[in-house]
Amino acid sequence: MKKWAGLLAGVPFLFAFDGSGRFVDFATNPIVVMILLSAMLTGFILELFTPGFGIPGAVGTLALIIFTAGHFMSGDAGILTVLLIVTGVVFILAEVILPGGIVGFIGFLLFAAGVLFAGASLLWTAISLLIAFMIATAALILMVKVLGKEMKFFKKFILSDSTDTERGYVSNVTRTDLIGKVGRAKTALRPSGTVVIDGERVDAVAEGVFIAGGKEVAVVKTEGVRVVVREIES
C-alpha cells in the first residue's frame, strides 16, 4: 500500500512539471516513448515474478502514467485512446485468472491500438512498440529459462498445495489390517454384502459369486476400501 501511495502521490508532480510544456515535450519525445514502452512492458513482466507489488510493477505503472498523461495533454490521445490502453492492460492481467490466451491476446491488441493511436508518428510508435515487446520477451525468457524463476503473481490465484500421500493425505483408507482375519457374513454376498469381523460391520465382496448369510469368511485381500472375502469351508 505504501508503494501504491507513493506512486500515486507522484502523479500531481507530473502535471505540475508541465508548467511550460516541458512535461509534454519530454513524454512525447520519440526516444523517451521507446524507453517508456520498454519500461512499461518489461516492468509488468518482471512484476509477475515479484511477490506483492514491487519495484518492477511501480516502474511499469509510472511509465504507463507518463506515456498516457503526456500524450493526452498534448492532444495526441483522446479519452477513447486512454480507454483502449487501460482496458488492454486490464485484459492482459485478466488473462492470469482466465487462462486460454484469447483474453490476453485481445488485451494486447487493445493496448497496442491505444498506443499506436496515441503516438504522434504512427511508424515510430509502431517501431518503439515492437522494440519494447522484444525487450519484454527477452526479459521473460531470461527469468524463466535462464534463471529458472517462478511467477509469484500466479500463486495468488492458483492452488499450489498438493494432496498426496507424502503430505499425509489419503483419498480412501485401505483396510490392510483386515487381511487374514476371520468373520461371519451378516448378509448374503451376491457378490457384495456385509460381514462382521471382530464385532465391526464391514462392507465386503465375495471372492466367488455367492456366499450365504451366516457363513464363516476370511479376508483374502483389500483394494482400497474394497474388502474381498472367501468362504471358509467347514
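Which helix is Thr-68 found in?

What we have here is a predicted model, where local features need pLDDT of at least 70, side-chain atom pairs count only at pLDDT 80 or more, and totals for chains, interfaces and linings use all residues. Residues are numbered from 1 along each chain as its sequence is written, and side-chain values use heavy atoms, with hydrogens and water left out.

A word on confidence. The protein chain averages a pLDDT (the predictor's confidence in each residue, from 0 to 100) of 76, and 74% of the residues score at least 70. Where pLDDT is low, the predicted coordinates should not be read in detail.

Okay, back to Thr-68. This residue sits in helix H5, residues 55–74. Thr-68 counts as buried because its relative accessibility is 14%; buried is under 20% relative accessible area, exposed over 50%, and partly exposed in between, with a 1.4 Å probe and protein chains only. Setting aside neighbours within four places in sequence, Thr-68 touches Val-82 and Ile-85.

Now for the surface. Val-86, Val-90, Phe-91, Ile-102, Phe-105, Ile-106 and Leu-109 make up a nonpolar patch with about 640 Å² of accessible area together. Helix H6 (79–97) and helix H7 (102–118) each supply at least two of its residues, and H7 gives the largest share, four. Phe-105 belongs to H7, and it counts as exposed because its relative accessibility is 52%.

For the patch rules: members have over 30% relative accessible area and no salt bridge, with like charges joined within 9 Å and nonpolar side chains (Val, Leu, Ile, Met, Phe, Trp, Tyr) within 5 Å. A salt bridge is a side-chain nitrogen of Lys or Arg within 4 Å of a carboxyl oxygen of Asp or Glu. Areas come from the Shrake-Rupley method with a 1.4 Å probe, and for residues only the protein chains shown count as cover.

H7 turns up again with helix H8: together with helix H4 (30–47), H7 is included in what covers the buried residues of H8. Those buried residues are Thr-125, Ser-128, Leu-129, Ala-132, Ala-136, Ala-139 and Met-143.

Last stop: Thr-194, in strand E2, residues 192–197. Thr-194 is buried too, at 13% relative accessible area.

Technical notes. Contact = heavy atoms within 4.5 Å.
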